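Work through the two exercises below with the structure in view, and try each task before reading its solution.

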Amino acid sequence: MSDPYPTYARLRAEDPVHFNEQLGGWVITRYDDVTAALRDHETFSSRRIALLVAQRGGSNPTPAVARFLELAGHWMWMLDPPTHTRMRKLMNQGFTPRAVRLLEPMIQGIVDDLVDAAVAREEVDLMADFCFPVPALVICGLYGLPPADARRVTDWCDALKVFLGAATDLGGAQAAAEAVHEMIDYLTEIMEARRVEPRDDLVSRLVAADDEGDRLGTDELVSNLLLLIAASFETTIDMLGNGLAGLLTQRDQWELLKSDPSTIPGAVDEVIRWDGPVQLTHRLLTRDVELRGKQLREGQLAYLMRGSANRDPERFADPDRIDVTRGDTGHVGLGLGVHYCIGAGLSRLEGKIALTELTRRLPDLRLVEPDRLTWRADNLQFRGLSELRASTS
C-alpha cells in the first residue's frame, strides 16, 4: 500500500496478466494491454457494479445495499455507450473548457488565501491545510454547497472509496450504502431547492437542463451528481498531495519549477503519471479473450492497473523519476477512451494555480520527514497521503 510500484514492476516482468484470487479477477499491468482494454469498452465493459457488490457485500444484500446497487447502476462510470453517452452529455456542461476558464478567478482566490495562511506559519500539514481545502472550496463554489458541509461530503466519499477501491478486506458495502443513502437525501434536498430558487451554480444548471431536455429521472440525475462530486473532489486532493510529495522529495524538479514557471502545466501531467490518485480501473469481460497466453473468461473482472501502465519502461523512459520537462501526456492517470476523466480540465487548472503560487511564495517549502511519508492503507484503487508535514522556510 505504501509503495506499490516494485510490485507493479515485478508483475509487468513476470506475469503481466495475473489472476489474483483475493480480488477475484485478472490484474493487467503493461501499458499496451491497459490502454487497449480502456479503448475497447465493448469487450471490457464498465457494467461491473453488480459483481463488485456481490464480491464485497455477499449474495444476499441488505435493503440498504440493494438500494445502493440500484443507484450505483446509474453512475456514468458503471455504464457503456449509448446510455453513458447520454448521461455524460448532460453532466459535462459544468466541465467544458469555457466553464473551467470561468472558475479560474475563484480558484486563484482560494489558493491565495490558503498560501497567505501558510506563509504566516513555520510548519503546515499540506494535506489538511492546503490539498484538502483547495478542491473542497472549489467544489462547494461550483455546486453551490455550503462550505461548512465539505467535511460531511468527504466522509461520505471516503466510505465509497474504501468500497470501490478493492479494500484489502473486500468489505465496506454496508458503509458505502449508508453513505450513498445519506448523500442522496442531501443532494435531493439541494436539487429541489434549486428548482424553486435557481442560483448561479452547477446544480441549478443541471436541474434546468434536465427539465428542458431528455430528462434523466431523479435517481439518474442525483446519482451522477453524487458521482461527479466524489470523483472531482477526492482525486484532486490526492493529485495535489502525491504531486507535492514527489516534487519536494525530488528536489531538483521543485527547483526547476521555481526557476522556470513555464514548466508548471507539464509538471501537473507528469506528477499524475508518476503517482496518480487513481491506480486502477476495473472492467467486466463480456466475452472470452486470450491475452498474453492467458484465457480471460466472460463474466470475470479485469483490474486495469493504470499506476503500473504509467511506470512501464516500454512506454516511458526512466519512468520512476519525475521529469517536469518530459512533455509526454500519453499517461492514463486520467483514464482513456469514452470514460476519460470528465473533470480533467478542472483538476489541471487547480494543479497549475496551486504549484504556481506555492513555488512563487513558499520557495523554501520542505518536507519535515521526506523518508517517512504516511500513506493511507485502506485502498488499492485510490492512492493518497493521510498527512504531509512541511516547513515553510
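**Exercise 1.** Find which residues line the second largest cavity, and describe that lining by element and by class.

*Solution.* Begin with the residues themselves: Met239, Leu240, Gly243, Leu244, Leu247, Val268, Val271, Gly351, Ala354 and Leu355 line the second largest cavity. The model is predicted, with pLDDT of at least 70 needed for local features and 80 or more for side-chain atom pairs, while totals for chains, interfaces and linings use all residues. Residues are numbered from 1 along each chain as its sequence is written, and side-chain values use heavy atoms, without hydrogens and water.

A cavity is a set of points, on a 1 Å grid over the protein atoms alone, where a 1.4 Å probe fits but cannot get out, and lining residues have an atom within 4 Å of a point.

Next, assign elements (DSSP runs, with helices, H or I, of at least four residues): α13, α15 (264–274) and α17 (344–361) each supply at least two residues, and α13 has the largest share, with 5 residues. Finally, sort by class, where Gly counts as polar, to find 8 nonpolar, 2 polar and no charged residues.

Methods: 1 Å grid on protein atoms, 1.4 Å probe; cavity = no way out; pocket = protein on both sides within 12 Å on 5 of 7 lines; lining within 4 Å.
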